[in-house]
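Open the structure in your viewer and keep the selection tool at hand. The stops are given in order.

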Amino acid sequence: MGLRRLSLRIRLAALATAGAMVVLSAGSVLLYEGLTRELSNAITDELAIRVVDLAAGTEGGAAPPGSPRVTAQVIDQSGEVLSPPDADPMIGTAELARASQEQIVVDREVPLVGENARVLARPITVNGADVVGVAATSTTALTVARNRLIVVLVIAGPLLAIGIGIGVWALTGVALRPVRRMASQAATISAAQVSRRLPQPAREDEIAELGRTLNGMLERIENAVARERAFIDDAAHELRTPIAVLRGELELAAHDPDDPQAVSQSLASALEETDRLSDLADGLLALARADAGQLRPGDATTDMLAAARTGVEHLPPRGEVAVEVHGEPAVVQADPEWVRHIVSNLVGNAQRHATSRIIVTVAVADECGLLVVADDGAGFPSNLLPHAFDRFARADSARGQVSGGAGLGLAIVASLTQAAGGTVSADNGPPLGGARVDVRVPLATEPGSHRDLINRCAE
Amino acid sequence: MRSVADNASLVLVVDDDPKFAGIAVRALERSGYQCVTRGSGDQVLGAVQDHDPGAIVLDVMIPPPDGLDVCRQLRAEGWTGGIVMVSARRSPADRDAAFRAGADTFLGKPFPLDDLVSAVDSAVQRS
């Protein structure tokens with residue numbers, strides 16, 4: 001099993017243990033070497049001091065040299081032990097010859113001292129005579145100390161490393177506890193419970209920041225889900241109304257099969273409702289495609305003036321409302337079907353609310369095709385105006401119902417216009433005093449400069 | 001405002017969708033009722049005063065005041081006629097809101113026309 005499959009907590013503890021082992025091992029070696037050297041030097045120094053004392057003590061007539069820990073001798077050049085008298089020399093002839101010239105330090109067995117001993121010998125002067133001072137002491141204590149140190153380091157090092165690993169494991173557990181709580185809570189959040197939030201630590205560190213970031217993401221998801229649910233709810237509501245009419249008409253026709261006029265009226269009405277349902281489905285599909293980013297302008301071009309005339313001609317007349325189309329040709333970079341939809345939605349909407357007159361104007365302005373649809377009705381209510389292009393935005397007087405009265409028409413106009421790189425705006429006022437919708441779409445031009453026109457139309 | 005309908009066989013149909021209102025009228029007239037229609041909430045109180053119907057078929061989503069406000073207003077003024085509330089929004093919350101506003105019956109669109117006639121029959125009898 002690879003390290004990646006282990007939990008972060010275990011990985012950190014293992015890394016800490018391994019790191020501690022390396023550091024402690026290196027430290028132990030250095031400590032062992034350092035302490036051993038210090039102890040050894042201390043013994044040598046003590047022997048050297050004893051030799052110095054030996055020269056001074058003998059010269060001064062002090063008590064014979066030697067102590068319980070250090071054995072000392074004064075040996076003349078011939079190898080005779082001058083002090084203490086009658087003692088066997090602790091160094092041989094060869095060592096005596098060297099010690100007569102310089103200080104020597106030898107670790108070996110010394111009969112007077114023991115199996116493990118250190119001997120220091122150096123030339124000294126006693127009562128004017130050149131002799132050799134010899135001092136020896138046992139090194140058994142040093143060996144024991146070394147062995148104990150090794151035992152301590154070998155046992156304590158790994159234990160300390162394991163202890164560090166356990167400490168890191170425990171501390172990591174404490175540090176990651178908020179993360180586990182967040183993960184546990186996140187695992188219980190489903191699409192039906194997007195209003196829930198992750199527990200956020202009351203502190204200002206990276207984990208708290210992670211909590212804030214995730215909760216911010218949940219809030220955005222909640223808003224998106226709420227918008228989608230509202231859209232589905234509104235769509236269901238708008239679909240039920242024509243379905244209710246369709247069902248009612250069919251029920252009435254079924255109830256009066258012998259009344260040809262009633263049946264004919266019901267069937268005609270039912271057919272109208274199927275058109276209404278079809279328009280509504282088209283509208284919902286167009287919006288869904290816009291949401292999915294599937295509306296792309298392509299290379300098609302359209303004369304807005306011709307499209308406006310065609311669109312108006314194909315609209316069924318409503319009452320005494322007259323529709324006029326004026327302006328100049330404006331060839332824009334947009335799918336002809338889109339422009340036709342834009343015109344039919346806007347004029348159809350205006351027909352519902354105009355008193356007697358609708359004017360459709362096409363012009364070229366700032367390298368954009370400008371389509372203006374204005375009517376002499378009551379205009380957009382002030383509370384609707386900021387939301388005129390929202391989906392299912394319906395004013396009290398039903399202004400905004402253009403696609404089967406579903407409140408989708410202006411939203412579709414906005415989606416198609418934006419897909420063509422254009423902009424759309426709604427207002428009340430001139431030229432007829434009622435509602436006015438302006439649609440700006442970039443003029444058709446050479447490839448490559450279209451983006452510049454889009455930017456200009458958006459200004 | 002009188003609290004007992006003078007004209008129990010008269011039904012006021014309030015819906016801003018003229019086609020649905022027309023269907024409701026045809027279904028009710030077929031069952032012997034006379035009908036008058038209105039398309040917005042602000043026309044309801046005047047129509048009730050003018051015609052004093054036996055029952056009202058009241059859509060919830062109509063131009064203001066909406067069906068719920070109209071229902072509350074009618075009940076607040078002591079009108080005891082039957083109110084059949086209809087709506088394309090038919091969630092439990094919508095149904096509950098209708099009853100709390102004072103409706104006698106709630107029908108979620110689409111519904112069988114026989115259900116509408118039965119609901120109006122019951123509403124007229126209660127009034």
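The tour visits the cores and then the contact between the chains.

This is a predicted model, in which local features need pLDDT of at least 70, side-chain atom pairs count only at pLDDT 80 or more, and totals for chains, interfaces and linings use all residues. Residues are numbered from 1 along each chain as its sequence is written, chains are lettered from A and ligands numbered from 1 in the order in which they are written, and side-chain values use heavy atoms, without hydrogens and water.

Select Leu346(A), Val360(A), Leu371(A) and Val439(A): they have the most contacts inside the largest nonpolar core, which has 49 residues. Such a core is a set of buried (under 20% relative accessible area, 1.4 Å probe, protein chains only) Ala, Val, Leu, Ile, Met, Phe, Trp, Tyr and Cys residues joined through side-chain atoms within 4.5 Å.

Stay on Val439(A), which touches residues including Met304(A), Ile342(A) and Leu346(A); contact means heavy atoms within 4.5 Å. Another core, of 27 residues, lies apart from the largest one; select Val245(A), Val13(B), Phe20(B) and Val120(B), which are among its members.

Next, show both chains: 24 residues of chain A are in contact with 20 residues of chain B. Three salt bridges are counted between chain A and chain B. Select Glu272(A) and Lys19(B) to see their side chains meet in a salt bridge (3.0 Å, N to O); the term requires a side-chain nitrogen of Lys or Arg within 4 Å of a carboxyl oxygen of Asp or Glu.

Terms used:
Buried means under 20% relative accessible area, exposed over 50%, partly exposed in between (1.4 Å probe, protein chains only). Lists of a residue's contacts leave out its neighbours within four places in sequence.
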